[in-house]
Amino acid sequence: MNPTKETILFDDALTLWGKEFQIMMAIEEMAELMQKLSHYLRKNRKVKYTEIASEIADVQIMMRQLIQIFCILDIVNQQEALKLNKLQQYIEKAKRGESADSSQS
Ligand SMILES: [Mg+2]
């Protein structure tokens, strides 16, 4: 597979700052998104959607970096498909009134 512009960019970040630092950045970006969503709920929805979008973008970028760092794209895609299927099953069950359990892990 040819490296894309993004994989080259992420490799550069990894070379410059290292694996541990990039993992820490992923954790921090997830925390920022958590805080923004918490503010959204706590402050009566008075958070701009652009602020939430910005934090989601940060997290998405860091998630793709983690996938690259650990070389786990195939496993992530496989897990995502399984979990989406599970979610669909929960929804179908809930619609039939069989269960209210929405934990999707
Ligand atoms: Mg952020």
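Predicted model: local features only at pLDDT ≥ 70, side-chain atom pairs only at ≥ 80, totals over all residues.

How many helices and how many strands does the chain have? I get 4 helices and 0 strands, with helices (H or I, at least four residues) and strands (E, at least two) taken as DSSP runs and numbered from the N terminus. Read from the N terminus, the elements go α-α-α-α.

Residues are numbered from 1 along each chain as its sequence is written.

**Overall shape.** I looked up the radius of gyration, which is 18 Å for the chain, while a compact globule of 105 residues would come out near 13 Å. That radius is taken over C-alpha atoms, and the globule rule is 2.2 Å times the number of residues to the power 0.38. Along the principal axes, the C-alpha atoms fill a box of roughly 50 × 35 × 20 Å.

I find 5% of the 105 residues counted as buried (20 or more other C-beta atoms within 10 Å of a residue's own; exposed is 12 or fewer, partly exposed is in between, and C-beta atoms are placed from the backbone). Next I checked contacts, meaning two residues whose C-beta atoms, placed from the backbone, lie within 7 Å. Of those with a separation of 6 or more, 44% join residues 24 or more positions apart.

**Helix 1 against helix 2.** How do helix 1 and helix 2 pack, and at what angle? Helix 1 (residues 5–17) meets helix 2 (residues 19–42) at about 115 degrees, and their axes are 7 Å apart. I therefore put helix 1 down as roughly perpendicular to helix 2 (65 to 115 degrees; under 35 is roughly parallel, over 145 roughly antiparallel, the rest oblique). On the helix 1 side I see A13, L14 and W17 in the contact, and on the helix 2 side K19, F21 and Q22. By class that is 4 nonpolar, 1 polar and 1 charged residues. Nonpolar here covers Ala, Val, Leu, Ile, Met, Phe, Trp, Tyr, Cys and Pro, charged covers Asp, Glu, Lys and Arg, and the others, Gly among them, are polar.

Is N44 buried or exposed? N44 is exposed, with 7 other C-beta atoms within 10 Å. I find N44 in the loop between helix 2 and helix 3 (49–70), and its phi is positive, about 55 degrees, although N44 is not a glycine. R45 is also placed in the loop between helix 2 and helix 3. Phi of R45 is positive, near 65 degrees, again in a residue other than glycine. R45 counts as exposed, with 9 C-beta neighbours inside 10 Å.

Methods:
Axes fitted to C-alpha atoms, helices over the stretch in contact; angles between N-to-C directions.
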